[in-house]
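Dear colleague,

Please find below the sequence and structure for your review. A summary of the findings follows.

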There are 2 protein chains.
Amino acid sequence: MGAGAFGTALAISLCQNGAVTLWARDPEHVSVMQAHRENTQRLPGSPLPETLHVTNSRDDLKPARIVLISVPMQRLRSFLETYGDTLADKTLVACCKGIELNTGLGPISVITSVLPETKAALLTGPSFASDIAKGLPTALTIACSDVATGKALQNSLSTKVLRLYRTSDAIGAELGGALKNVIAIASGAAIGAGLGDSARAAVMTRGFAEMNRLAVHLGGHPSTLSGLSGFGDLTLTCTSSQSRNYRLGLSIGAGKTFDPAVTVEGASTALAVATLSQKHNIEMPITQAVAGLIENRLDVQTAMSALLSRPLKEE
Amino acid sequence: MGAGAFGTALAISLCQNGAVTLWARDPEHVSVMQAHRENTQRLPGSPLPETLHVTNSRDDLKPARIVLISVPMQRLRSFLETYGDTLADKTLVACCKGIELNTGLGPISVITSVLPETKAALLTGPSFASDIAKGLPTALTIACSDVATGKALQNSLSTKVLRLYRTSDAIGAELGGALKNVIAIASGAAIGAGLGDSARAAVMTRGFAEMNRLAVHLGGHPSTLSGLSGFGDLTLTCTSSQSRNYRLGLSIGAGKTFDPAVTVEGASTALAVATLSQKHNIEMPITQAVAGLIENRLDVQTAMSALLSRPLKEE
């Protein structure tokens, strides 16, 4: 459900394993995809396999056992409330990364709070939709606190080239995927401001340290943060202009404007995490700086100088 | 000592803190640097500060308390044997990354084994010589098992833009800096073979996991590996064509030849670590694959297929 770039790429890839339905809300978007056998709007250049059923009918989802939900994080709750009847008896796999602004919850926790009877999991980790759609090798994390469900999903959703590693640490996986987008904005800002690759590596490293501090405080495992959904995704997002979060950072660093119509998960996540870190009294200077940049309370030079003039210490 | 790109960049940067001497063995190289006030051969485009004394005289090193040694890892031992008399009463800071082929030792251990009376440290972490020379912000690790010496070096060698974080975990810092070069070759090979950014992120993540396995087994701390000298340097080296290790990987992946005159620390380190990991019975499939590629025992397709067809498991 959700025919953005990532949802469409997963649908294309999973056709290797059996019957897949790609559901989108907008009937016109569905008609165009049906007519062109391509998601020209969100994932141009990747043909939809003949076996992929594209629909906007909720009835077509009835036979599905597993539903991958690929909607932006801040819309997940209202989506689940709207489609709860259709989803109630299924295994739900969130395919978004972030923290809900009002509650501080991650994707699995939002699913569980809206639909407590469903089995909830998270598909996260380092990937670009275009790589998955092209069939390039990709490794992701499937996170589910229920081990049996996690193993079943690992088997159902892995293909020869899309490899899923499993964890039962839902909190660590949720936070890794969410927090890395904030650090990606900071990394983009460093490059956009002309500070160079070495400075970006420093931002990423200190950013990884603060991701770990918060995640471990909230019950996540360091090994999850060091895995695909933390380290791996951080490293991809902070170094590639394919990432919208990184591109937003580049614009901020260069003092340019950024298209407000593009969903940038890290922008709202930065605000949510800045609040969360203060509530739990966890030192997160990079996240605080990004929140300040997003809210126009800080300029890049001030933010970078503040980060660079912190006292010298041990790692 | 050593007027390669990194040694020269450090000499330029440290002139901010006081008197610095840049020593090179080759009198002709020294004459050219003296005449042009630039290391045209190894770091073109970065003028040498007027206060930097460039010399090939050992006598000129007598007043120095701290000597930074910037020679390739595999030449460090013979260098120390040759210049031991000059260096005996000083604090020595190795500025190279790797593992000695015959012994499996890192830079600090090599210094200690040749000159047991000296204080030995390691300057490592994510940086490119050109960024340091330009005065762009950079954060590095100074590793020294003796805390007081480490703190003194942290103060002497930090500038406003070159920030040193300190650790007393010499083993972790030595291994982080060495092992990341091997993973950088694998990352370059993935990109060179056209597998895409997501595949590289998977190689880096699984590479980081095997770096941790070996380092922790040999007594390093996970927090060092997650810091600048591990995570930070890995992330920089695996994503930038400024890195010689990454460029060697790109060539291997694309089936092209690589200039044998260029020192690539990761190539010899891969062979040293492949031996070390077998000796200690630590699973390091990416390092083994890189060693196979370096020794022409494996081709890229076979290596990548082997890595991608490993059993699905937990992170």
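**Findings: R213 of chain A**

In this predicted model, a polar atom of the R213(A) side chain lies 2.8 Å from the backbone oxygen of E283(A). R213(A) is located in helix α8 (residues 197–217) of chain A; helices (H or I, at least four residues) and strands (E, at least two) are DSSP runs, numbered from the N terminus. With 32% relative accessibility, R213(A) counts as partly exposed, that is, between buried (under 20% relative accessible area) and exposed (over 50%), with a 1.4 Å probe and protein chains only. Leaving out residues up to four places away in sequence, R213(A) touches I282(A), E283(A) and P285(A) (contact: heavy atoms within 4.5 Å). The C-alpha atoms of R213(A) and M284(A) are 8.3 Å apart, although 71 residues separate the two along the chain.

**The sheet of chain B**

Chain B has an open sheet of five strands in the order β3-β4-β5-β6-β7, with mixed pairing (two strands pair if DSSP finds at least two bridges between them). Because β3 (66–69) and β7 (162–167) of chain B each have a single partner strand, one side of each is left without a neighbour in the sheet. Strands β5 (residues 119–124) and β6 (residues 138–143) of chain B pair in the antiparallel sense over three bridges; I142(B), in β6(B), is the bridge partner of L123(B).

**Conventions**

Residues are numbered from 1 along each chain as its sequence is written, and chains are lettered from A and ligands numbered from 1 in the order in which they are written. Local features need pLDDT of at least 70, side-chain atom pairs count only at pLDDT 80 or more, and totals for chains, interfaces and linings use all residues, while side-chain values use heavy atoms, without hydrogens and water.

Yours sincerely

How values were computed:
A polar contact is a pair of N or O atoms within 3.5 Å; within protein, one must be able to donate a hydrogen and the other to accept it, and residues adjacent in sequence count only if both atoms are side-chain atoms.
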